[in-house]
Amino acid sequence: MDSQQDKYQEIRGMEHHTSLVHPPLPMSKRAAQFAPFSALSGYEEARNKVAKAHIKSYEPSPQTFPEENSFSTED
């Protein structure tokens, strides 16, 4: 047996502890503690605002989007 497993051998058969003071958390509230949250409130809104401003001010040059016919595959 692995030495790591030996460390827990004495507690493996023990019954799971149940608090006499604190009632168990209902299943409906357990998932809430893992719900995603926004660490930077307003960040996404500000990012979208900046992105829209950049998109509006962007003027593509001919080099950015060459015409389809400019690259001929014919010899």
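Arg47 and Glu44 bring their side chains together in a salt bridge, with 3.9 Å from N to O.

**The salt bridge and its surroundings**
- Both Arg47 and Glu44 sit in helix 3, 3 residues apart, which is about one turn of the helix.
- Arg47 has a relative accessible area of 41%, so Arg47 is partly exposed.
- Glu44 reaches 52% relative accessibility and therefore counts as exposed, since the cut-off for exposed is over 50%.

**Helix 3 as a whole**
- Helix 3 is hardly covered: among its 15 residues, the count of buried ones is 0.

**The chain at a glance**
- The chain holds 3 helices and 0 strands.
- Reading from the N terminus, the order of elements is α-α-α.
- Of the 75 residues in the chain, buried residues make up 0%.
- The chain has an accessible surface of about 8,300 Å², and carbon and sulfur atoms account for 57% of that surface.

**A nonpolar patch on the surface**
- Which residues form a nonpolar patch on the surface? They are Tyr8, Ile11 and Met14, and together they have about 320 Å² of accessible area.
- Ile11, one of these residues, is found in the loop between helix 1 (3-7) and helix 2 (27-30).
- Ile11 counts as partly exposed because its relative accessibility is 44%.

**How confident is the prediction?**
- The mean pLDDT of the chain is 77, and 67% of its residues reach 70 or more.
- Which element has the highest mean pLDDT, and which the lowest? Helix 3 has the highest, at 88, and helix 1 has the lowest, at 74.
- A friendly reminder for your reading: where pLDDT is low, the predicted coordinates should not be read in detail.

Methods:
Residues are numbered from 1 along each chain as its sequence is written. This is a predicted model: local features need pLDDT of at least 70, side-chain atom pairs count only at pLDDT 80 or more; totals for chains, interfaces and linings use all residues. Side-chain values use heavy atoms; hydrogens and water are left out. Buried means under 20% relative accessible area, exposed over 50%, partly exposed in between (1.4 Å probe, protein chains only). Helices (H or I, at least four residues) and strands (E, at least two) are DSSP runs, numbered from the N terminus. Patches are made of residues with over 30% relative accessible area and no salt bridge: like charges are joined within 9 Å, nonpolar side chains (Val, Leu, Ile, Met, Phe, Trp, Tyr) within 5 Å. Accessible areas come from the Shrake-Rupley method with a 1.4 Å probe; for residues, only the protein chains shown count as cover. A salt bridge is a side-chain nitrogen of Lys or Arg within 4 Å of a carboxyl oxygen of Asp or Glu. pLDDT is the predictor's confidence in each residue, from 0 to 100.
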